[in-house]
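I wanted to look up a few things in this structure and write down what I found. These are my notes, in the order in which I made them.

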Amino acid sequence: MKRAAILPALACLLALTAAAPAASHTPASTAGTATAAGAQRDRQRPATLLDAVPRRGVLRVCTTGDYRPFSYRDPATGRYRGVDIDMARDLAKSLDATARYTPTTWGGLVGDLTSGRCDIGMGGVSITLARARSVYFSEPTRTDGKTPIVRCADQDKYRTLDQIDRPGTRVVVNPGGTNEQFARAHLKRATLTVHPDNTTIFDEIIAGRADVMMTDASETRYQAKIHPQLCAVHPDKPFTFSEKGYALPRGDDQFKAYVDQWVHLATHDGTYRKYEDAWMK
């Protein structure tokens, strides 16, 4: 009789044990290792510049310093000035940081940004599909396009590409950027000279060593303003359509979204226009 009573009780106990959740058998040391590994993965994840710049307190800006009115480095003082230098200061301030300028060239701008030498490229940068394969671009700051600048006495001689692309016409261009790309794509008969210093290139036309430069209409307007001998040719109807914006590291969507919003506000609340007018008017 006693054996018969024990067997049902044992069966009941076994059923209850099978239904209960299994206890964890992970040793405490293994669990700690897993937590540490997760923390290490978090540290290795690439941080967005939206967080990194405020922590660092510095916004690293790649700029050529040779493209007035957008970015100009005074060779005597090393100080940067221009529309996009003012904008860089404002962007840095909005991120609780200060702007630090990294010299670059038009040919090296994209590489400097993708290699991590800087956080943003600023200074009259044209948005192109070739560049967009390697970097993000912000919302545009303005529209632009290539147009000629010549001695005022010659402004009726060089109004069209056909008039410019003739034997004997001396065209000067700065290296590495969209100006050189445009000239090489459209000029077959004119003489093309690459002048290495974009800050003195317009002196070549004034001195009579060159006849034409084709650059962005915004630059032709500014150079005609400071050099009475030079005239911008139909800057309101340039040969091409383009937009300017700021180059950003590809893949950092959070930083791009922030810069886009900042540009949108600056171009609609009068901030960008104020800085541009200070140079252009």
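**Entry 1: the chain as a whole**

I note at the start that this is a predicted model. I looked up the secondary structure and found 12 helices and 14 strands in the protein chain. The chain has 281 residues, and 44% of them count as buried. I then checked the contacts with a separation of 6 or more: 72% of them are between residues 24 or more positions apart. The accessible surface comes to about 15,000 Å². Carbon and sulfur atoms hold 55% of that surface.

**Entry 2: a sheet of three strands**

I looked for the order of the strands in an open sheet and read E2-E3-E4, with antiparallel pairing. E2 and strand E4 (80-81) each have a single partner strand, so one side of each has no neighbour in the sheet. I followed the pairing of E2 with strand E3 (residues 71-73), which is antiparallel and has 2 bridges.

**Entry 3: strand E9**

Is strand E9 (residues 146-151) mostly covered or mostly open? It is mostly covered, as 6 of its 6 residues are buried. I then looked up its pairings. E9 runs antiparallel to E12, and 5 bridges join the two. Within that pairing, Pro-148 has Met-214 of E12 as its bridge partner. E9 is also joined to strand E13 (residues 230-232), by 3 bridges and again antiparallel. There I found Ile-149 bridged to Ala-232 in E13.

- The peptide bond from Arg-68 to Pro-69 is cis, with omega near 15°. Pro-69 sits in the loop between E2 and E3.
- Asp-96 is not a glycine, yet its phi is positive, about 60°. I located Asp-96 in the loop between helix H4 (83-94) and strand E5 (98-103).
- His-234 is not a glycine either, and its phi is positive too, at about 35°. I located His-234 in the loop between E13 and strand E14 (242-249).

With a relative accessible area of 15%, His-234 is buried.

Rolling a probe the size of a water molecule over the atoms shows where empty space is left. How many cavities of 30 Å³ or more does the structure hold? I counted 2.

The largest cavity has a volume of about 100 Å³. Its lining has 15 residues, and those nearest its centre are Tyr-67, Trp-106, Thr-178, Asn-179 and Asp-216. Strand E6 (120-126), helix H8 (178-186) and strand E12 (212-216) are the elements that give two or more residues to this lining. By class I noted 2 nonpolar, 8 polar and 5 charged residues.

The second largest cavity has about 40 Å³ of space. Tyr-67 turns up in its lining, along with residues including Asp-66, Arg-68 and Glu-219. Strand E2 (66-67) and helix H10 (217-226) each supply at least two of the lining residues. The classes here are 2 nonpolar, 3 polar and 3 charged.

**Entry 4: open spaces**

The largest pocket holds about 220 Å³ of space. Among its lining residues are Thr-141, Arg-142, Tyr-272, Arg-273 and Lys-281. Strand E8 (142-144) and helix H12 (271-280) each give two or more residues to this lining. The largest share comes from H12, with 5 residues. I sorted the lining into 2 nonpolar, 4 polar and 5 charged residues.

The second largest pocket has a volume of about 160 Å³. It is lined by 14 residues, with Ala-47, Thr-48, Leu-49, Pro-249 and Asp-252 nearest its centre. This lining has 6 nonpolar, 4 polar and 4 charged residues.

Conventions
Residues are numbered from 1 along each chain as its sequence is written. This is a predicted model: local features need pLDDT of at least 70, side-chain atom pairs count only at pLDDT 80 or more; totals for chains, interfaces and linings use all residues. Side-chain values use heavy atoms; hydrogens and water are left out. On a 1 Å grid over the protein atoms alone, a cavity is a set of points where a 1.4 Å probe fits but cannot get out, and a pocket is an open set with protein on both sides within 12 Å along at least five of seven lines; lining residues have an atom within 4 Å of a point. Grid points are joined across faces, edges and corners, and a volume is the space filled by probe spheres set on the points. Helices (H or I, at least four residues) and strands (E, at least two) are DSSP runs, numbered from the N terminus. Ala, Val, Leu, Ile, Met, Phe, Trp, Tyr, Cys and Pro count as nonpolar, Asp, Glu, Lys and Arg as charged, and the others, Gly among them, as polar. Two strands pair if DSSP finds at least two bridges between them. Buried means under 20% relative accessible area, exposed over 50%, partly exposed in between (1.4 Å probe, protein chains only). Contact means heavy atoms within 4.5 Å. Accessible areas come from the Shrake-Rupley method with a 1.4 Å probe; for residues, only the protein chains shown count as cover.
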